[in-house]
Amino acid sequence: MREEQPVPPANEASSPKGKRPPLKKKKARPKVVAAANTIFDLVINSFAACARCSYFFTGYRVLHEEEQIQQQIAQSGDTWLKLTGSYQVLNLLHTSFGREITADLVKYQLCCPDCLRLFNYEAQAPDHSLLLVQLDPQKR
Ligand SMILES: [Zn+2]
């Protein structure tokens, strides 16, 4: 019969008991700072602060060309972002904020229940609608 001898860990002999090699200090990670270099970034960051508004704006970005949105942001004032309305945008407002908006309405105002951002929908012509979105819901 063979007696099993406990095998000492390989490094136990070299390092004194109770002393462990010092833990490597974790390198301080660079803080993730949202890049807000352009007006476009500022607008995107402002939507990111609210889950519902962020959902809406992400959906809007899927529906429209990035170039078009950049142009719309550039042409907007400090208070309102002028976006294009459409049946799809109405649907997006519905899924984002849970309020059914019928397409035959000429004007519609909506307020985000979470951040109180205002949305003004205005049908200007059969094939052209305007959606004004408040840029900074904190400003009243
Ligand atoms: Zn919101």
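The model is predicted, so local features need pLDDT of at least 70 and side-chain atom pairs count only at pLDDT 80 or more, while totals for chains, interfaces and linings use all residues. Residue numbers start from 1 along each chain as its sequence is written.

The protein chain holds four helices and four strands, taken as DSSP runs numbered from the N terminus (helices H or I, at least four residues; strands E, at least two). Their order from the N terminus is α-α-α-β-α-β-β-β. Among contacts (C-beta atoms, placed from the backbone, within 7 Å) with a separation of 6 or more, 51% join residues 24 or more positions apart.

The largest nonpolar core contains 16 residues; such a core is a set of buried Ala, Val, Leu, Ile, Met, Phe, Trp, Tyr and Cys residues joined through C-beta atoms within 7 Å. Phe56, Tyr60, Leu93 and Leu131 have the most contacts inside this core.

The buried residues of α1 are Val43, Ser46 and Phe47. They lie on the same side of α1, because their arc around the axis is only 100 degrees, taken from the directions from the helix axis to the C-beta atoms. Their cover includes α2, α3 and β1.

The axes of α1 (residues 39–48) and α3 (residues 66–75) come within 10 Å and cross at roughly 95 degrees. Axes are lines fitted to C-alpha atoms, for helices over the stretch in contact, and angles run from 0 to 180 degrees between N-to-C directions. The two helices are therefore roughly perpendicular (65 to 115 degrees). Ile39, Phe40 and Val43 of α1 meet Gln70, Ile73 and Ala74 of α3.

Ala123 lies in strand β3 and is partly exposed, with 17 other C-beta atoms within 10 Å. Leaving aside neighbours within four places in sequence, Ala123 contacts Gly85, Val106 and Ser129. Thr84 is 39 residues from Ala123 in sequence and 9.9 Å away in space, C-alpha to C-alpha.

Notes
Parallel < 35°, antiparallel > 145°, perpendicular 65-115°, else oblique. Contact = placed C-beta atoms within 7 Å. Buried ≥ 20, exposed ≤ 12 C-beta atoms within 10 Å, placed from the backbone.
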